[in-house]
Amino acid sequence: MDRLPSYKISSLGETALIIDFGNTIDESINKQVHSLFFQLQNDPIPGMIEAVPGYSSLTIYYDIPFIRNILNKQIAFEWISESLKKFIPKETIETGDPQILIKVPVCYEIEYAPDLDFIASQNKISADEVIYLHTSTTYHIYMLGFLPGFAYMGLVDEKISSSRKQKPVFVDPGSIGIAGRQTGIYPFRSQGGWQIIGRTPLKLFDKEKINPVLFKAGDKVKFYSITKNEFEDIKSRNT
């Protein structure tokens, strides 16, 4: 199995540090970040409060009074850093979470896809080709963030990559966006700067469920096209 790539540990304020494996969107690095996260969840460093995985980094929050008073360590950052290094040379291990393929229906009709033609024009291809390319890839979920249930996925085909909007606008729940080579779904009505190319009728966050979030980091997502009538039918069954 692959070993973790080179890394840098830096202070992130007074009560946190970040392990950075490079500012990149790379599935193999992301898997190794989650492997390290899994190890720390199962064998936490004394004084650690929580670990938060990102695309290619892991943030560790820690309890300074506990480390100083209970563990008798004067500099909390150094204690956590040195303790963390014991985990980093280990080979990538399975996280224990099954990798799930989630198929997501999307209506790409114009009323749900205000920026579809913009992406097509920007990349000098047709709207139908944008839809074809978006639905032809199986996406890896790198992380959740921004909003509860918002999954950052990639990588989209270079032919449909797009710049963000210059000014954020309000988008409806279920809106599918593209920014750079990332794609994602807005779980709630909110402001966003991604280019919207469609909408799903699925409910991405349901506080009434035991597991309220549809996605988790490490899962795979495959989009497929549906009609407006199919959209309304699925939406009525998920309300």
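Met 143 sits in strand 6, where helices (H or I, at least four residues) and strands (E, at least two) are DSSP runs numbered from the N terminus. The model is a predicted one, in which local features need pLDDT of at least 70 and side-chain atom pairs count only at pLDDT 80 or more, while totals for chains, interfaces and linings use all residues. Residues are numbered from 1 along each chain as its sequence is written, and side-chain values use heavy atoms, with hydrogens and water left out.

Met 143 counts as buried because its relative accessibility is 18%; buried means under 20% relative accessible area, exposed over 50%, and partly exposed in between, with a 1.4 Å probe and protein chains only. Leaving aside neighbours within four places in sequence, Met 143 is in contact with Pro 53, Gly 54, Tyr 55, Phe 150, Ala 151, Tyr 152 and Ala 217. Contact here means heavy atoms within 4.5 Å. Met 143 and Ile 25 are 118 residues apart in sequence, and their C-alpha atoms are 11 Å apart in space.

Strand 6 covers residues 138-144 and is mostly covered, with five of its seven residues buried. Two strands are taken to pair if DSSP finds at least two bridges between them. Strands of a sheet pair through backbone hydrogen bonds, either parallel or antiparallel.

| Strand pair | Sense | Bridges |
|---|---|---|
| Strand 6 and strand 13 (residues 220-226) | antiparallel | three |
| Strand 6 and strand 7 (residues 151-154) | antiparallel | four |
| Strand 5 (residues 101-107) and strand 13 | parallel | seven |

Tyr 139 has Val 221 of strand 13 as its bridge partner, and Ile 102 also stands opposite Val 221 in strand 13. On the strand 7 side, Met 143 is bridged to Tyr 152. Strand 6 and strand 7 form a hairpin with six residues between them, and Phe 146 in the turn has a positive phi of about 70°.

Helix 5 (residues 127-136) has Val 130, Ile 131, Leu 133, His 134 and Thr 135 among its buried residues. The cover over the buried residues of helix 5 includes helix 4 (116-122), strand 6, strand 9 (175-179), strand 10 (182-185), strand 12 (195-199) and strand 13.

Four strands in the order 1-2-4-3 form an open sheet with antiparallel pairing. Strand 1 (8-11) and strand 3 are the edge strands, each pairing on one side only. Neighbouring strands of this sheet are turned by 20° against each other on average, direction ignored. For such angles, axes are lines fitted to C-alpha atoms, for helices over the stretch in contact, and the values run from 0 to 180 degrees between N-to-C directions.

Strand 1 is joined to strand 2 (residues 16-20) by four bridges, and the two run antiparallel. Within this pair, Ile 9 has Ile 19 of strand 2 as its bridge partner. Helix 3 (residues 76-85) packs on the sheet and touches strand 1, strand 2, strand 3 and strand 4, its direction making about 160° with that of strand 1. Helix 1 (residues 27-42) lies across strand 2, strand 3 and strand 4 (57-62), running at about 25° to strand 4.

Beyond its neighbours within four places in sequence, Ser 81 is in contact with Ile 9 and Leu 17.

**Surface**

Val 52 belongs to strand 3 (residues 48-53). With a relative accessibility of 36%, Val 52 counts as partly exposed. Leu 12, Ile 49, Val 52 and Tyr 61 form a nonpolar surface patch with about 340 Å² of accessible area together. Patches are made of residues with over 30% relative accessible area and no salt bridge, where like charges are joined within 9 Å and nonpolar side chains (Val, Leu, Ile, Met, Phe, Trp, Tyr) within 5 Å. A salt bridge is a side-chain nitrogen of Lys or Arg within 4 Å of a carboxyl oxygen of Asp or Glu. Accessible areas come from the Shrake-Rupley method with a 1.4 Å probe; for residues, only the protein chains shown count as cover.

**The whole chain**

The protein chain has six helices and 13 strands. Of its 239 residues, 45% are buried. The accessible surface of the chain comes to about 12700 Å², of which 51% belongs to carbon and sulfur atoms. Along the principal axes, the C-alpha atoms fill a box of roughly 65 × 40 × 35 Å. Among contacts between residues at least 6 apart in sequence, 65% join residues at least 24 apart.
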